[in-house]
Amino acid sequence: MSTLTTSLPGGTWTMGDLTVTRFGYGAMQLTGPGVMGPPADRDGALAVLREAVRLGITHIDTADAYGPHVTNRLIREALHPYPEALHIVTKVGAVRDAQGGWPPAREPDDLRRAVHGNLEALGVETLDLVNLRLGNAEGPQPGSLAEAYGTLVELQRQGLIRHLGLSNATAAQIAEAQTIAPFVCVQNLYNLAHRQDDALVDRLAEQGIAYVPFFPLGGFSPLQSSALSAVAARLGARPMSVALAWLLHRSPNILLIPGTSSVAHLRENITGAGLVLSEEDLAELDAIGR
């Protein structure tokens, strides 16, 4: 049984046998513009990763498609050999094209190649958690995940993956996956302004499954709301800090993976996520995405 304790906002959550800090770190911003190419400041990128671990973060989210092949290599350079408490979560199911697109790559051979690529780039024998990325750049899309998910289950049985998750998934795909094999998290678009997964968040919480919002601050179009700004002004805080704090208040199974390429911004995000929100604050914020 894990004895991990943390002073980070939100405490911890357990995914299978992985106990992680609810405040994690997403590595996507450690690439060049458009999530393509290397970072402008390589030393700065390495410093962010090392500072995240120094501050006690035990959940780092990445993908070999970031760059592509950039963030995993940075993580290995900065942190390998990895601390025992650190868990790196990656995803497969999409690649990058020359135009910066994210074409799906979910045929069995694509997924096997991706898993082995992640193992090599990260320098590990087993991946802690692999999310199957579904849909496309426009969002979740209907369709069976049986073949793709079954391929990852096979790789899990071979000992190459400890735990499975789903990303960019519809409710029907999540239900289908549960008939095939257990998973420990769902990673979908969700934030104050995009609340389409409200019922799913609650249902997964009842089942002890983590929900990991991507674009928790709006992604490439940062959140803008007069109500958010008003609450932030009342608290003397940045709107983005309030948005992170709201997510931790929203449900105990929500794990945060905000990204940044700045050590100062990383620390700022941690401080912001720890804001205490009153019932009045929460009521105002809850109305934003309804």
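The text below covers the sheet, a helix pair and the nonpolar cores.

The model is predicted, so local features need pLDDT of at least 70, side-chain atom pairs count only at pLDDT 80 or more, and totals for chains, interfaces and linings use all residues. Residues are numbered from 1 along each chain as its sequence is written, and side-chain values use heavy atoms, without hydrogens and water.

Helices (H or I, at least four residues) and strands (E, at least two) are DSSP runs numbered from the N terminus. Seven strands form an open sheet with parallel pairing, in the order 3-4-5-6-7-8-9; two strands pair if DSSP finds at least two bridges between them. Strand 3 and strand 9 are the edge strands, and each pairs on one side only. Strand 7 is joined to strand 8 by three bridges, and G165 stands opposite C185 in strand 8.

| Edge strand | Residues |
|---|---|
| Strand 3 | 25-26 |
| Strand 9 | 210-211 |

Helix 8 and helix 10 (residues 279-286) have axes that come within 11 Å and cross at roughly 100 degrees. Axes are lines fitted to C-alpha atoms, for helices over the stretch in contact, and angles run from 0 to 180 degrees between N-to-C directions. Contact means heavy atoms within 4.5 Å. V242, W246 and H249 of helix 8 meet L282, L285 and D286 of helix 10.

A nonpolar core is a set of buried (under 20% relative accessible area, 1.4 Å probe, protein chains only) Ala, Val, Leu, Ile, Met, Phe, Trp, Tyr and Cys residues joined through side-chain atoms within 4.5 Å. The largest has 72 residues, and Y149 and L152 have the most contacts inside it. Helix 8 (residues 239-250) gives the most to this core, with eight residues.

How values were computed. Buried means under 20% relative accessible area, exposed over 50%, partly exposed in between (1.4 Å probe, protein chains only).
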